[in-house]
Amino acid sequence: MVDECAGVVDWRTTGLWMPEGETSDDVLASSGASLFDGTFTWPVMVLRRTALERNVATMAAYCARHGLAFAPHGKTTMAPVLFDAQLAAGAWGITVATANQLLAARRMGVRRILVANELLDTGVLTWLARELDTDPDLEVLFYVDSVQGIAAAGSAYAAAGGVRPLSVLVEVGHDGGRTGVRTVAGAVDLARRVTETSGVRLAGAAGYEGGLTSVEEARSFLETLREATSQMPFDTGTRPIVSAGGSAYFDVVVDVLTHGWPGPRPEVVLRSGAYVSHDDGVYRTKTPFNRVPDEGGLDAALEVWAQVTSTPEPGLAIVGLGKREAPYDEGLAVPRGVRRAGSTVVEPAPEGLVLARINDHHGYLDVPADMEPLIPGDLVSFGISHPCTAFDRWRVIAVLEDDDTVSGIVRTYF
């Protein structure tokens, strides 16, 4: 794994202990350093290479098996090393959410980028029109769900003196959701307006089902997306794109969007992103592989290690892990193991050991009465819940082998 943006690690690198001097990412990755040899301090978030690579391979195989193009959502990690791994495994492109993420992906060398959002800023759209004309191998698609979005794209194309049109996907939404046209008729009408706008090309349609609360709701919405797409006025001879897929219902995307089309099937582009690291919380319970276990499985690749700093009363241990170190928007971190002070063995965390609440840098562990008490200096490993708000807390993440030695560095660019 290579990150051309890689730099140096030194005292500014959270989780590493380097009071003096500096070293490069490559030197650290090849140094044989271990998580427990003093190179690191606590808390620190790490990635397990074996789980990471297994997850990338599992989703690549799943998409290939079902004839899906895969554009994993890069906002999960914003890490060029991981983008490279996903693309090398066969990903069709990378999805992003914002203009800045589009720029970052472009600078990272991604050749096909899907922006799962509407672009309205004149400066951004004009830049994009010029980039497309400068680089014939670059492909960028973005959403429109309003006449204002179409007009902004057309105006930017004209201002840039563009040659290649800006490619858009009409976004279809659902009641109570975030963005997207709410009706089939509205989506089809917006698609027609795209075809009437100079410099803007109708490339397909897209939607997001991940915020829905059941398989049945996701299925109904995706059927609406299929219906709307099938009625849009695409140019004869072109194969449109239809894109969907968070990390909770990609099996339903397969069931609905790879079947039932009145004519030739569009290119189905899946956008699931959280799979790359998976987690021990929200996606452990929501992953579609729970419904289709024969299709594969994912492993939690992220860990946050924290030290017990205080045991002020029976049944309570304070660890140095809080809101600054681990996500909490979709549940708190989950204890996975305990490494006692002076020991080299990691014991599995008992079921009753629970992170009950957190402050900025402190976590409150409920310790079961039948567990050997924790003492200050003990280490606890935690799995996280919701990787999309974990990676952005750490600019440098060490990749570890199964024996806890460092074999790589992942940098994030949020």
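How much space lies in the largest pocket? About 550 Å³. Before we look around it, some ground rules: this is a predicted model, in which local features need pLDDT of at least 70 and side-chain atom pairs count only at pLDDT 80 or more, while totals for chains, interfaces and linings use all residues. Residues are numbered from 1 along each chain as its sequence is written, and side-chain values use heavy atoms, with hydrogens and water left out.

**Stop 1: the pocket**

Select K75, R178, Y208, G246 and Y283: of the 27 lining residues, these lie nearest the centre of the largest pocket. A pocket here is an open set of points on a 1 Å grid over the protein atoms alone, where a 1.4 Å probe fits, with protein on both sides within 12 Å along at least five of seven lines; lining residues have an atom within 4 Å of a point. The volume is the space filled by probe spheres set on the points, which are joined across faces, edges and corners.

(Ala, Val, Leu, Ile, Met, Phe, Trp, Tyr, Cys and Pro count as nonpolar, Asp, Glu, Lys and Arg as charged, and the others, Gly among them, as polar.) Next, show α10 (282–286), which gives the largest share of the lining, 3 residues. Helices (H or I, at least four residues) and strands (E, at least two) are DSSP runs, numbered from the N terminus.

**Stop 2: two domains**

Colour 8–48 + 302–411 as domain 1 and 49–290 as domain 2; these bounds come from an automatic or database domain assignment. Taken over C-alpha atoms, the domain centres are 35 Å apart. Back at the pocket, each domain gives at least three residues to the lining.

**Stop 3: the open sheet**

Which order do the 8 strands of the open sheet follow? Trace β4-β11-β10-β9-β8-β7-β6-β5, with parallel pairing. Two strands pair if DSSP finds at least two bridges between them. β4 (69–70) and β5 (94–96) are at the edges with a single partner strand each, so one side of each has no neighbour in the sheet. Zoom in on F70 and you'll find L270 of β11 opposite.

**Stop 4: helix α4**

Select 99–107, then pick out the buried residues Q101, L102, A104, A105 and R106. Buried means under 20% relative accessible area, exposed over 50%, and partly exposed in between (1.4 Å probe, protein chains only). Their cover includes β5, β6, α5 and β7. Just past the helix, G109 has a positive phi of about 95°.

**Stop 5: strand β3**

Is β3 (44–48) largely enclosed or left open? Since 5 of its 5 residues are buried, β3 is largely enclosed by the rest of the structure. V44, V46 and R48 point one way, M45 and L47 the other. On the antiparallel side of the story, 4 bridges join β3 to β12, where L302 stands opposite L47. With β19, β3 pairs in the parallel sense over 3 bridges, and R48 stands opposite L400.

**Last stop: G162**

Find G162 in the loop between α6 and β8. G162 is buried, at 15% relative accessible area, and touches D133 and Y157, leaving aside residues up to four places away in sequence.

Conventions: Contact = heavy atoms within 4.5 Å.
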